[in-house]
Amino acid sequence: MQEVIANIAQILKEEDDFLVTAHVNPDGDAIGSMSALSWLLSRMGKRVAAYNESGVPRYLNWLEFPCEVYTDLGDLPFGPRRIIVLDSGSAERAGEAMQRFMQGVPSICMDHHLRTPEFADVNWIDPEFAAVGEMLAILADRLAIMLTGPLGEAIYLAIGSDTGNFTYGNTTPRTLEIAAEVLRRGLDLESFTARSEATWSLNRIHLWGRLFDNVHLALDDQVAYMTLPDSLFTETGTTMEDSEGIVNFLRRIYGVKVAMTLRDLGPDKCKISLRTHGVLNVQEVAAIFGGGGHRNAAGATLNMPMPKAVEAVIAILAEKLALDGKQA
């Protein structure tokens, strides 16, 4: 690990004109990491641009960047000489346009997902890290750059997002030490929390109320799942973005070991998101359907209608939970 960190640090010192990106439909770790690396490069006096095919979600648009976040590669203010892809379990996760764009530009991948292929010229892939934001904190330390101001705030957001605000099993002493360092360097936690939490609309509250009416239990109440029908978003004047995080609340139901949401992507196609407290590895479940993620959080796209997808995933979970029970 130290060798690849040293290599990346050297590249950042010697090169210029960087493009920072992350996976489509970005979450807090993706956007927080993009912001953090952009600030880090800016502090080094480098020219940097940020890109995400999906843009910055509304609930994260309070986070500062030192540069514009582009959604069209044709709008970039300069031709990047190095692309850095963050929090993407594959080149495809960065979007089709970026995947094509990478073919002619040297690249770096920094990721913490299980079984991420080495698709870049330089790859730092380590599932032992709770978040890519945690990896960037290590890189910043290597470069002697302090986690202050917007850089520290972005690191805190990235790590907090992927650890459930330091409650998930991937939270380690290193994770908490980095968070403590950000606080020591001046993060106003009260202000940060107000800006990061006060982002909901009344329509989103109504959406969640309707969705909670649509919760189902299976496998002796060990699995909780809900569907996310497009019609409900239309009726409540919301978007899929407004359902972010709802799957985690299903894990709060007593006795539930696995939570799942299913989103309809059109005829014979849907997307599943899986969460667990760690009783089984849902990344392995997602992998069966061509997806990926982490032990406690994973997802996949299934080429089948939603009712059949429910049956297929529940069948796999039944096998996994039975196996887990035998091993207990």
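Me: Is T227 buried or exposed?
Reply: T227 counts as buried, because its relative accessibility is 17%, where buried means under 20% relative accessible area, exposed over 50% and partly exposed in between, with a 1.4 Å probe and protein chains only. This is a predicted model, in which local features need pLDDT of at least 70 and side-chain atom pairs count only at pLDDT 80 or more, while totals for chains, interfaces and linings use all residues. Residues are numbered from 1 along each chain as its sequence is written, and side-chain values use heavy atoms, with hydrogens and water left out.

Me: Which residues does T227 touch?
Reply: Leaving aside residues up to four places away in sequence, T227 touches L211, N214, L262 and M306, contact meaning heavy atoms within 4.5 Å.

Me: And what does the side chain of T227 make with that of N214?
Reply: The two side chains make a polar contact at 2.7 Å, that is, a pair of N or O atoms within 3.5 Å, where within protein one must be able to donate a hydrogen and the other to accept it, and residues adjacent in sequence count only if both atoms are side-chain atoms.

Me: Where is T227 found?
Reply: T227 is found in strand 8, residues 223-228, strands being DSSP runs of E with at least two residues, and helices runs of H or I with at least four, numbered from the N terminus.

Me: How many bridges join strand 7 to strand 8?
Reply: Four bridges join strand 7 to strand 8, and the two run antiparallel, with V215 opposite M226 of strand 8; two strands pair if DSSP finds at least two bridges between them.
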